[in-house]
Amino acid sequence: MITFNTLSIEKSKNIDNAIFKNARQLKNDALLIAKVNNSFGSATSLLILSSEEIIKAILLLLRSEGFQVYKIKGANKFFKDHKIRHEIAQLIEMGSGLFDTATGWEQRKPTELAKTNIEWFDTIVNGFFDIVEASKPLIESMKRIEMLKDFNDVKNNGLYVGYQNELIEPRILVDERTYINTKEIVDRIFKFYKGLKVLFHPRLINHLPKKEIDSLKNDLKMFVEKAMSEYSFEKKKN
């Protein structure tokens, strides 16, 4: 039987579009019930489900572009185990955080808070503030990664009534703040997918030099086939 992870590169092309549409629908449903009914538990669970779907879309898109995503240890579980897709989301968040940090560093305006008559002192102090400012995206990413580690529990908490010495309802376990934080994370995963679609679009050459496009693709290839390959999913269980 042919499944997602046995599809050829050619057969994988454009399948991500259908998965994206489903992920977007789940996300839109989440936004609707949060806005209309204040059902933040159910909305949060739907957001997490949408993130699991968009991760599938990302994997199929990368596969269709020839990336060796299915050679990663444990890749046979990518489409079976939703917890593994949460882990992939963690890797994506880490990569995005590093990219945001590097971009911020390149685009920064040097700090000039310290303006004394001691040049070496000014350099050290201003450099310290530059580093602190540039590292903020990565620090925020680390916080989001910690939240992603709990995505499966949060998803279940938003759907089911529990009991731990007393009755625990979803509206108690998953509040508006959790919903807002989850939405931010999911938005970033969707943004990553859309960024890939732009990167692989044939008309991008009309807007960016080929050398720059190739450099971005090489960086992505390094991230997918090097960084992800060193992270084993084999021991992960449902």
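**A surface patch, then the rest**

Me: How big is the nonpolar surface patch made by Val161, Tyr163 and Leu167?
Reply: Val161, Tyr163 and Leu167 make up this patch. Patches here are made of residues with over 30% relative accessible area and no salt bridge, with like charges joined within 9 Å and nonpolar side chains (Val, Leu, Ile, Met, Phe, Trp, Tyr) within 5 Å. Accessible areas come from the Shrake-Rupley method with a 1.4 Å probe, and for residues only the protein chains shown count as cover. The patch comes to about 360 Å².

Me: What kind of model is this, and how are residues numbered?
Reply: Side-chain values use heavy atoms, leaving out hydrogens and water, and residues are numbered from 1 along each chain as its sequence is written. It's a predicted model, where local features need pLDDT of at least 70, side-chain atom pairs count only at pLDDT 80 or more, and totals for chains, interfaces and linings use all residues.

Me: Is Val161 buried or exposed?
Reply: Val161 lies in the loop between helix 7 (151-157) and strand 1 (162-163). Buried means under 20% relative accessible area, exposed over 50%, and partly exposed in between (1.4 Å probe, protein chains only). Val161 has 53% relative accessibility, so it counts as exposed.

Me: How many helices and strands are there in the chain?
Reply: Helices (H or I, at least four residues) and strands (E, at least two) are DSSP runs, numbered from the N terminus. From that end, the order is α-α-α-α-α-α-α-β-β-α-α-α. That's 10 helices and two strands.

Me: How many of the 25 residues of helix 3 are buried?
Reply: Helix 3 reaches 36 Å from its first C-alpha to its last, close to the 36 Å expected (1.5 Å times one less than its number of residues). The rest of the structure largely encloses helix 3, because its buried residues number 22 of the 25.

Me: Which salt bridge partner does Lys56 have?
Reply: A salt bridge is a side-chain nitrogen of Lys or Arg within 4 Å of a carboxyl oxygen of Asp or Glu. The N to O distance is 2.7 Å, and the partner is Glu53.

Me: How many residues apart in sequence are the parts tied together by Glu93 and Arg188?
Reply: The side chains of Glu93 and Arg188 meet in a salt bridge at 2.9 Å, N to O. Glu93 lies in helix 4 (residues 82-107) and Arg188 in helix 9, so the pair ties together parts that are apart in sequence by 95 residues.

Me: Which residues are linked with Glu93 in a network of salt bridges?
Reply: Glu93 is buried, with a relative accessible area of 4%. By the salt bridge rule above, the count comes to 12. The network links Glu93 with Arg144, Glu184 and Arg188.

Me: Which residues is Thr178 in contact with, leaving aside its neighbours within four places in sequence?
Reply: Thr178 lies in helix 9 (residues 176-199) and is buried, with a relative accessible area of 18%. Contact means heavy atoms within 4.5 Å. With those neighbours left aside, the contacts of Thr178 are Thr44 and Val154.

Me: What is phi of Asn14 near?
Reply: Asn14 is in the loop between helix 1 (9-12) and helix 2 (15-37), and is exposed at a relative accessible area of 57%. Its phi is positive in a residue other than glycine, near 75 degrees.
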